[in-house]
Structure formats: C-alpha cells, structure tokens
Amino acid sequence: MSDPEQLLRDALQDRAERTSYDATPLADVESGAYRLRRRRRTVGAALTAAAAVVVVVVPLAVVAAQDPETVPAPAPTTTPSVPTPTTTPTTPAPSGGPPQIAYAEGDRIHEPGGRVFQLPRDLGVSGFVAYRGGYLVADARYFEGSVGLTRYDAGGRAVASWTSAGRPVSSADGLVTTWTSFAPPESGTTAPTLVHVASSTGDGPEVTQELDLIQPSVVGMVGVDVVIEGGFGAGGVWATDLVSAPRRIEVLDRATDVSDAQGLIAGSVDQDAIGRVVDAATGEVLWERQGVTVSAFSPDGRYAVATASQGGRREIVEARTGEVLAEVKASGEEHFPTLLELTWEDDGHLLGDLAFNCCAHLGRVDLDGNITPARPRGEIGGTGFVFAATS
Amino acid sequence: MDARSEFEAWLVAREPSLQRLAHLLAGDPHDARDLVQKTLAKLYLAWGRLEDRHDVDAYARRILVNEHRSSWRRTARRREIVTADVPERPVDDHHDDGLRDAVWSFVATLPPRQRAVIVLRYYEQLTEPETAEVLGISVGTVKSQAHRAIASLRAHLPQETR
C-alpha cells in the first residue's frame with residue numbers, strides 16, 4: 001500500500017523540478033513595481049502636472065505678451081484660496097506653537113498658517129479632507145451608522161453631498177482622496193454602494209467601484225489598495241484596488257487605521273477585545289494585544305497609538321512590534337485628561353483633543369508621552385476638535 | 001551592498017523556488033508567472049522596510065500566497081470547476097509509470113484553498129499551524145482540508161497502489 005502523503009510529496013516535488021522557468025530580469029521587476037505605484041498615483045500626477053502648467057505657463061504667457069525689455073520680473077505666484085494640504089508636514093512641529101495640520105472646531109476648519117475656513121451650516125464635523133480647493137466634510141448627523149458627506153468649494157459653498165459612513169481619507173501624499181457613498185436604507189431609494197477614488201484637486205478622473213457591502217466606510221489607502229470596513233451585514237475588513245473584486249482581510253473584523261509608509265493595517269478581532277497590526281501585503285498578523293485598540297499610525301509608520309479598552313490609557317507603541325515606548329500623560333497635571341481623539345502632527349508629535357476640567361483643549365504630545373498646550377484653552381462646553389484623515 | 005543589489009542577489013538565488021511554488025499553487029505556468037511577477041513587484045516596493053533579510057523568503061511566500069488567494073477569489077466564479085472525478089490517467093513516462101502525474105492531476109482538480117493547503121503542507125513542508133497562519137485560516141480548517149484531500153486521493157488511486 002502506498003502512503004498518500006508520501007505520494008503527494010513525491011508528486012509535487014517531481015512536478016516542481018520538471019517545470020522550467022525563465023528568470024525575471026531585475027528591470028522587469030522594477031517595471032512591475034513602477035506600474036504598481038503608478039496605478040495609484042496616476043490621478044495625482046495628472047493633477048500635479050496640470051497645476052504646474054497653470055503656475056508656470058500663465059505667468060510666462062503674461063510676460064510674453066509684453067515687451068520683454070520693459071517688463072519687470074514676475075511677482076511670485078500665489079495660489080488663490082486653496083486650502084493648505086491636510087497631509088502632515090515634514091518639518092518638526094515647534095513645541096508650544098500652533099498646530100501644523102488642519103483641524104476642525106465646530107463649523108470652522110483651522111488651517112496651518114491661521115486661515116479659517118467657515119462652513120455654511122453647523123452640522124458638526126466628524127471628519128474632513130482638503131478636496132478640490134475646498135473641503136470634503138463628513139458631518140455629525142449620525143443615523144444608524146451613516147453620516148452626511150458634503151463637498152464645499154473654495155468659497156465655502158456646498159456643491160455636492162452624499163450619504164456615507166465613516167469619513168473621507170486622503171492618501172499619504174495628499175494627492176488622492178477616497179470615500180464611500182450609498183443610499184440610506186430609510187430613504188426608500190435605491191443606488192449602488194460605491195467606493196470613490198479621485199484626485200484631491202478634482203482635475204483628474206474619479207474612479208468608483210460598486211461594493212456588495214452595507215454602509216461601508218473607508219479606513220485608508222495602502223499601496224494601490226483602499227482599505228474598507230464592511231459595516232452592517234457581512235462586515236469585515238476589505239481591500240480593493242478598484243479593478244479586481246475586493247478581497248477580505250480575514251484576520252481582522254474591524255480596522256482603525258492604515259500606514260501606507262509601512263504597509264500596515266491596524267484593527268481588531270473578537271468584538272474589539274484584541275487589537276492587531278497586520279501586514280497589508282501578506283495578511284500576516286505582526287502582533288496583537290488583548291484589551292487594546294490600535295490606531296493612529298505616525299506618518300512614517302514607525303509608531304502607533306494603543307488605547308486600553310478599560311480606563312482609556314493611551315500608549316505610544318512601535319508599530320511593527322507593539323513594544324510600548326511611552327504612556328501619554330499630562331505633564332505637571334494632577335489628573336490625566338481624557339483623550340477624545342489623537343492624530344499625528346509629524347513623525348515626532350501627536351495632537352490630541354482633550355477633555356479636561358470640563359474644557360476642550362488642543363494638546364501636543366511628544367514621543368515621551370508628555371502633553372503641552374497647542375492652543376489657548378477652549379471654552380467650557382466646547383465641541384472639541386477633529387483632525388484631517390490621511391493614510 | 002546597496003538595497004537594489006541586495007534585492008537582485010536575492011532574486012537570482014531565490015526566484016526559482018518562488019516560481020516552483022507559484023506553479024504548484026496556480027497549476028498553470030502562465031498564471032504562475034503572473035503571480036510571481038506581482039509578488040516580486042510588491043516585494044521590491046517593500047524591500048526597504050524589511051529589516052531582517054533572513055525573513056525575506058517567508059515574506060515573499062506570504063505575498064505569493066496572498067496574491068493567489070486574491071486571484072482564486074476573482075476567478076472562482078468563471079474558471080474553477082470542482083469535480084469529484086479524477087481526470088484521465090496520463091500516459092506513463094520514464095519517471096514512475098505515471099503515478100506521480102496522476103497524483104499531480106488529482107491535485108490540480110482540488111479547490112484552490114484545498115490545493116494551497118496541500119502544497120504548503122507537502123511541498124513547502126510547513127506545519128499545520130504555519131500553513132494556517134500563511135493562509136489566514138484556522139488550524140482546524142487546515143486539518144480538515146488536508147484530510148479530505150488525502151481521503152479523496154486514496155479513493156482515486158489505482159487499486160494496486162492503495
């Protein structure tokens with residue numbers, strides 16, 4: 001009698017050895033890698049090129065129409081009323097200085113540099129990104145998992161709206177924006193459930209894919225993939241390049257954030273009892289921890305924030321290993337403030353929406369976990385702060 | 001040695017084993033080639049953040065298997081035909097009187113996930129927990145998939161070889 005297991009070993013080994021292969025030249029690998037990158041960046045690149053044409057060609061055209069000997073050098077070109085990109089800056093945030101990323105407070109979006117973008121209606125803000133010269137804003141009209149999503153132009157006018165879930169997210173380089181849309185079940189209307197990917201300035205094409213999910217929300221973008229949380233029904237975490245059918249990330253039930261820089265997805269399983277960090281390319285669980293939620297990767301993907309399910313204690317952890325680097329604490333304060341939201345300002349600092357002594361505060365957290373004010377204290381009963389979402 | 005040179009050295013040394021695994025998983029040289037190219041492109045992009053070069057083989061295998069899982073899901077509805085019947089026994093060759101080819105033909109008829117379990121367990125020599133981890137499934141599923149495949153193979157082997 002033959003041993004089927006040994007037969008399998010022999011047959012597979014035999015088949016593998018009998019098949020010939022052509023070696024892949026390094027140039028072909030690099031070409032494939034380039035195509036992978038380009039698929040995602042095409043929209044943004046087209047936009048950047050278009051913007052460059054506007055900035056460079058228009059002043060040159062003005063100069064060319066005049067006598068070159070009488071024309072002074074063109075004044076520096078400024079971009080008209082385009083919001084500052086909401087991606088994190090590369091320069092370190094000055095300790096105690098104003099926030100270096102945009103944040104929303106009530107119906108106002110504060111941009112780095114001091115400009116304030118006034119929203120026409122105070123519907124609350126649960127998330128936002130700079131988009132097409134204005135903003136794409138998820139409001140706070142929560143209804144059974146859905147929110148309103150509105151595009152405001154540079155002048156603050158609402159020009160389009162959708163029903164969505166979660167919040168819009170921009171790519172790490174700020175060039176591409178993604179969000180979901182669907183018909184709310186209670187509306188009695190039918191419309192496809194879509195994930196959208198578009199140039200953040202709107203000059204390129206908008207790509208959509210229909211999803212067989214109920215009220216999905218976007219988590220972020222990793223490589224060519226948009227990572228989506230499934231919402232009701234099937235739920236789960238999915239990744240799609242908007243070409244192939246979405247594939248399920250089976251080692252996660254929910255997702256909280258992604259790091260494009262490191263190719264990571266943070267999320268949880270077992271009804272949020274276990275926090276995990278997963279390699280987006282392989283689906284490998286890099287580490288997990290009971291009783292924490294992992295979120296907020298730093299821009300370089302080296303760090304993440306772990307929040308204890310009980311007590312809400314926040315820790316800064318090494319993203320790929322989970323090693324605890326620091327506990328977020330209120331330096332010089334008697335009691336810890338409650339951190340409502342925490343996002344990275346740059347690779348060395350976080351900004352926190354703090355509730356402390358009945359006030360809303362905007363605090364800056366360094367890598368040692370120390371908190372310092374990032375803005376004068378807010379008013380009692382303030383609405384708190386919401387930060388732009390990037391991958 | 002810079003990162004590009006390191007990648008090239010790895011590529012020269014290790015691509016053949018990746019190609020072999022891809023062929024066994026995909027069952028078709030063209031699909032295998034696509035799998036390998038996607039895997040290499042992703043590995044190339046990730047190379048700079050792979051701090052431990054000793055883990056590259058396992059990392060590449062994970063990407064490959066993950067790509068394969070995605071591809072079988074994409075194509076399952078239009079291409080996969082699951083059948084309980086083993087195809088015609090191939091002609092004998094000089095290797096083993098055709099038995100290994102018959103076994104390979106059987107493997108090629110297995111549903112993609114079951115085939116992946118078999119390839120990882122009996123070609124890559126991974127343990128059940130390792131196979132479960134790579135495929136993102138439970139150890140119990142690995143056991144049951146392998147058990148079904150073995151039982152099915154046993155039932156379809158020529159009488160004199162059982």
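**Figure 1. A salt bridge joins the side chains of A:Arg289 and A:Glu315 (2.7 Å, N to O).** A salt bridge here is a side-chain nitrogen of Lys or Arg within 4 Å of a carboxyl oxygen of Asp or Glu. A:Arg289 lies in strand E19 (residues 285-290) of chain A and A:Glu315 in strand E22 (residues 314-318) of chain A, so the pair ties together parts that are 26 residues apart in sequence. Helices (H or I, at least four residues) and strands (E, at least two) are DSSP runs, numbered from the N terminus. A:Glu315 is buried at 7% relative accessibility, while A:Arg289 is partly exposed at 23%. Buried means under 20% relative accessible area, exposed over 50%, and partly exposed in between (1.4 Å probe, protein chains only). The model is predicted: local features need pLDDT of at least 70, side-chain atom pairs count only at pLDDT 80 or more, and totals for chains, interfaces and linings use all residues. Residues are numbered from 1 along each chain as its sequence is written, chains are lettered from A and ligands numbered from 1 in the order in which they are written, and side-chain values use heavy atoms, with hydrogens and water left out.

**Figure 2. Chain A as a whole has two helices and 28 strands.** Of its 391 residues, 51% count as buried. Chain A exposes about 17800 Å², and carbon and sulfur atoms supply 53% of that area. Accessible areas come from the Shrake-Rupley method with a 1.4 Å probe; for residues, only the protein chains shown count as cover. Among the contacts in chain A with a separation of 6 or more, 43% are between residues 24 or more positions apart. Contact means heavy atoms within 4.5 Å.

**Figure 3. A:Asp14 and A:Arg18 form a salt bridge within a helix, at 2.8 Å from N to O.** The two residues are four apart in helix H1 of chain A, so about one helical turn separates them. A:Asp14 is buried, with 7% relative accessibility. A:Arg18 is partly exposed, with a relative accessible area of 35%. Side chains of opposite charge can pair when their charged atoms come close.

**Figure 4. A:Glu105 and A:Arg108 are joined by a salt bridge.** The closest N and O atoms of this pair are 4.0 Å apart. A:Glu105 counts as buried at 13% relative accessibility, whereas A:Arg108 counts as partly exposed at 33%. Over all chains, the rule gives 20 salt bridges.

Figure 5. The contact takes 44 residues from chain A and 46 residues from chain B.

**Figure 6. Charged and polar pairs cross the interface of chain A and chain B.** The rule finds four salt bridges across this interface. In one salt bridge, the side chain of A:Arg15 meets that of B:Asp101 (3.1 Å, N to O). On the side of chain A that touches chain B, helix H1 (4-18), helix H2 (26-64) and strand E15 (247-248) of chain A each supply at least two residues. The largest share of that side, 14 residues, comes from H1(A). By class, the side has 18 nonpolar, 10 polar and 16 charged residues. Ala, Val, Leu, Ile, Met, Phe, Trp, Tyr, Cys and Pro count as nonpolar, Asp, Glu, Lys and Arg as charged, and the others, Gly among them, as polar.

**Figure 7. A:Leu242 and A:Ala296 have a positive phi although neither is a glycine.** Most residues other than glycine have a negative phi. A:Leu242 has a phi of about 65 degrees and sits in the loop between strand E14 (237-240) and E15 of chain A. A:Leu242 is buried, with a relative accessible area of 12%. The phi of A:Ala296 is about 55 degrees, and A:Ala296 is found in the loop between strand E20 (292-295) and strand E21 (303-308) of chain A. A:Ala296 also counts as buried, at 10% relative accessibility.

Notes:
Polar contact = N/O pair within 3.5 Å; in protein donor to acceptor, adjacent residues only side chain to side chain.
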